[in-house]
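Me: I have a structure open and have not looked at it before. Can you walk me through it?

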Amino acid sequence: MKINTSIQLIKKYAACPVCGNALLGNGNGALVIHTDRFVRSCRCGWHVELGPEEIKRFEESGEARKPASQTQNNTNNGRANHVGRNQEKY
Ligand SMILES: [Zn+2]
């Protein structure tokens with residue numbers, strides 16, 4: 001799959017939605033990325049697996065195309081107003 005897609009999937013499933021664990025390896029959890037498969041599992045037993053169809057749907061949903069800095073955390077903690085400090089000006 002596209003690297004950008006995998007990055008967005010990793011971000012989306014970084015922390016386990018059940019127990020909040022965000023670690024990999026050593027029995028904590030696993031992350032598998034193949035051409036058309038994405039698997040993320042956790043020590044608590046939660047796991048998600050996306051096949052080619054799900055990955056395609058994820059890409060088409062636009063989630064995979066959002067800038068990495070704006071995918072989550074739209075909490076207004078005062079720092080969200082630093083948008084003017086954009087390093088990639090056109
Ligand atoms: Zn978990």
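Reply: A definition to begin with: a residue is buried if 20 or more other C-beta atoms lie within 10 Å of its own, and exposed if 12 or fewer do. This is a predicted model. Of the 90 residues of the protein, 10% count as buried.

Me: OK. How many helices and strands does the protein have?

Reply: There are two helices and three strands. In sequence order the pattern is α-β-β-β-α.

Me: Which way do S1 and S2 run, and how many bridges join them?

Reply: Strand S1, residues 29–34, runs antiparallel to S2, and six bridges join the two. The hairpin between S1 and S2 goes through two residues.

Me: And how many bridges join S2 to S3?

Reply: Four, and S2 and S3 are also antiparallel. Their hairpin has four residues between the strands, and Gly45 in the turn has a positive phi of about 110°. One of the pairings is Ser41 with His47 in S3.

Me: Which residues are on the covered face of S2?

Reply: Phe38, Arg40 and Cys42. The uncovered face has Arg37, Val39 and Ser41. In a regular strand the side chains alternate between the two faces of the sheet.

Me: Back to Phe38. What stands opposite Phe38 in S3?

Reply: Leu50 does. On the S1 side, Ile33 stands opposite Phe38. Leaving out residues up to four places away in sequence, Phe38 touches Ser6, Leu9, Ile33, Leu50 and Ile55.

Me: Which residues make up the largest nonpolar core?

Reply: It has five residues: Leu9, Tyr13, Phe38, Leu50 and Ile55. In soluble globular proteins, nonpolar side chains tend to be buried together.

Me: Why is Cys44 partly exposed?

Reply: Because 13 other C-beta atoms lie within 10 Å, and partly exposed covers counts between the exposed limit of 12 and the buried limit of 20.

Me: What does Cys44 touch?

Reply: Cys16, Val18, Cys19 and Asn21, with residues up to four places away in sequence not counted. Gly29 is 15 residues from Cys44 in sequence, and their C-alpha atoms are 8.5 Å apart.

Me: Last one, for the protein overall: what share of contacts between residues at least 6 apart in sequence join residues at least 24 apart?

Reply: The share is 42%.

Definitions and conventions:
Residues numbered from 1 in each chain as written. Predicted model: local features only at pLDDT ≥ 70, side-chain atom pairs only at ≥ 80, totals over all residues. Contact = placed C-beta atoms within 7 Å. Core = buried A, V, L, I, M, F, W, Y, C linked by C-beta atoms within 7 Å. Pairing = 2+ DSSP bridges.
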